[in-house]
Structures are given as structure tokens and as C-alpha cells.
Amino acid sequence: MVNESRFLKACKRQQTDCTPIWFMRQAGRYLSEYRKLREKYSMLEMVMNPEIAAAVTMQPLQRFDLDAAIIFADILLPLPLIGVDFSFVEGVGPRIHRPLRSPRDAEQLLEGDPEVELGFVADTVSLTRRDLDPGKALIGFAGAPFTLASYIIEGGHSRNYLETKSFMYSFPDSWKRLMEILTRVTIRYLEMQIRAGVDAVQLFDSWVGALSPDDYVKYAQPFTSRIFAALADYSVPLIHFGTGTSGFLREMRRAGGSVQSVDWSIPLGEAWEIIGFDSAIQGNLDPLAMMAPEKVLERKVEGVLQQAGARSGHIFNLGHGFLPQTPVNNVELVVNLVHKLTSG
């Protein structure tokens, strides 16, 4: 049966009974039921166990009237396929065991098969699809090549991307090899998720805002474009996500995707005008607004909806993911308020 969720309708810029809403990192540490599981299992143990990952994916939908679930996984899962090992350090985040810093490192990269090595993600999709209300959409995802390359080169989070940009400028042939391998693996990984049953996929380019517009076009856009082009024949919406990208939204739109996700650094209405009203748009409440007093938060939500102008094709979301400190009551408030203010 074709999923006629309001989320999918909005992705296609079709009229909906109200604005759909979901949140990035909606399954996570702000929920007590998630924290209880984390006391028993590591992050990797959870994502690699389909039963646990499917249960975590469903947790926020059991609490809130969200319009979509997003598979509980991590953008770094494909890295071991290319010979890059990583681990999660408690209180720090992901750490790459041997950062890529030289052309010789790039020459030693591998290219594994997601179907073989990441089959547990497909199993998570299948289990979640079985239990998910048909009126709710299921979103799969992957990291974009630039963001994954930055993790691999920096070794973890970065403030200035010194190592990434130095490598990108100094070794263009090795940069191209790295990005081409990541592009091919990402295409196959997302195709696997689509075949397993997701209704839409989101490409996370969380760190691409570190680039100038010219560098984005030269060093990142061609590879992102290849991913969207390869997935174009599948009948699923393709969401293009980035942060800090208000200076090159047109270029991101040209890279592809049927839905452009924007952050809070630009008014949503202005971003939509730049992107073009022939594209759906997702966003763009500041995640820290979720910490605000109720009345302030309500005004922030109303402001985003006013910027959307009641046009078809708006999906309400944050400009990035939840913080662990996000009050659960505020999540419920925003979900209900968005539906209430846009219904009828």
C-alpha cells in the first residue's frame, strides 16, 4: 500500500491537512527510556542490534504525534567499509582510530559492500516498517561525502577544519579518490535502505558550512550531486540537509534533492525564495529555542510557520538535532502546536 502520510505529501508539495513535523535526533538522550537502554548497551551495540535499534526508532512516536520516524543509526557506520575504524568515547563523541592525513593513506582505502557489512541497518528498517503506523513515514539516512571525509581526516569533531582543508587544498587527487569512494559507498548504502522499506532518505552534510561557496562547488557539490542523481529513479523523497549553508543555498539546491533542509541562520521564507518554491523545504527552528520558556517557544514556532506562508511543501523541523537537555514537555508542546496552528 502506498504510504499517504502528510509527511510524504509535503515532500511532494501536495496539500496536507496540517504541517507535518519530525525532529532530527528525536530518538535519543532527552528520553528517559532511551537513557535506560544506554545504561545497558553501548551506542554501537544498540545500532548494530536491529531489535534494539527498531525499538529506539519507535520510542519518540510512542510519546508524540510525530509524522515521521528516522532510523536509529549513525552517519559513521559506513566508515569501516572503506578501512576506517572508529569508536564512540563517552562524553566526547566519535573518534577515528587512524585519521587520514596523507596521499598514501588515501591509496590504502577499501570499498566494502553495505549489503554484507551493514545488513543490520536493513533489518532495522524492516522491523520498524512492520510496527510503524502506515500513516507515518520512515526516513533513512547517510552522511554526505564532505562531512564523512572531514571526520576521517580530522579524527573527530573540529572547530576550524584545519586538517580537512589542508588535505583538500594540498592533495586534490587524493581528496578526489576519498570522495569518490565515499560517494559510491553512500549510494549503495542508501539504495539498501530504500529496498528495505524506508519512505524517504536524508543526506546529512552537517559540516559543509565550513566551506566557502566556491570551495563547496569545487570540492563537495559534484559528489553530492552524483548521490542524488543515482537515487533519482527511486520513488522516494530525497532530503538535502546542511548547516551554516545560508551563503550557498542555491548551489545546494543545484546539487539535488527534492526537499531542502535549512538551519536557523536565515529566515525560512527568505531561504525558500532563494531555493525556489518548486522545492519542498524543511526547518528551521533553532534547537536551543526548545529550552525557552513556553510562551517564548510558542512565539518562535509561530514565527517559523508565518515564514512558511501556508504554502504546500513545508515540513517543520529543527535546523539541527535535539540537545540531550531538551525538555520532553517542550517537545510535546511544539508537536501539538504545529498541528493545531496549521490544521483546517
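The model is predicted: local features need pLDDT of at least 70, side-chain atom pairs count only at pLDDT 80 or more, and totals for chains, interfaces and linings use all residues. Residues are numbered from 1 along each chain as its sequence is written, and side-chain values use heavy atoms, with hydrogens and water left out.

The sulfur of cysteine 11 has its closest cysteine sulfur in cysteine 18, at 14 Å, which is too far for a bond. Cysteine 18 is likewise in no disulfide. Cysteine 11 is buried, at 5% relative accessibility. Cysteine 18 is also buried, with a relative accessible area of 5%. Buried means under 20% relative accessible area, exposed over 50% and partly exposed in between (1.4 Å probe, protein chains only).

Helices (H or I, at least four residues) and strands (E, at least two) are DSSP runs, numbered from the N terminus. Helix H8 spans residues 145–154. Of its 10 residues, 10 are buried, so H8 is largely enclosed by the rest of the structure. Among them are Thr147, Ser150, Tyr151 and Glu154. These buried residues pack against strands S3 (93–96), S4 (137–143) and S5 (200–205), and against H9, H10 and helix H11 (213–231). Just after H8, glycine 155 takes a positive phi of about 95 degrees.

H8 and H10 pack at about 120 degrees, with their axes 9 Å apart. Axes are lines fitted to C-alpha atoms, for helices over the stretch in contact, and angles run from 0 to 180 degrees between N-to-C directions. The two helices are therefore oblique; angles under 35 degrees count as roughly parallel, over 145 as roughly antiparallel, 65 to 115 as roughly perpendicular and the rest as oblique. On the H8 side, Pro145, Phe146, Leu148, Ala149, Ile152 and Ile153 take part. They meet Trp175, Leu178, Met179, Leu182, Thr183 and Thr186 of H10. Contact means heavy atoms within 4.5 Å. By class, 10 of these residues are nonpolar, 2 polar and none charged.

H10 (residues 172–196) also packs with H9 (residues 162–170), at an angle of about 110 degrees and with axes 5 Å apart. H9 and H10 are therefore roughly perpendicular. Thr164, Phe167, Met168, Tyr169 and Ser170 of H9 make the contact with Pro172, Ser174 and Trp175 of H10. Here the residues divide into 5 nonpolar, 3 polar and no charged. Trp175 is among the H10 residues that meet H8 and is one of those in contact with H9.

Terms used:
Ala, Val, Leu, Ile, Met, Phe, Trp, Tyr, Cys and Pro count as nonpolar, Asp, Glu, Lys and Arg as charged, and the others, Gly among them, as polar. A disulfide is a pair of cysteine sulfur atoms within 2.5 Å.
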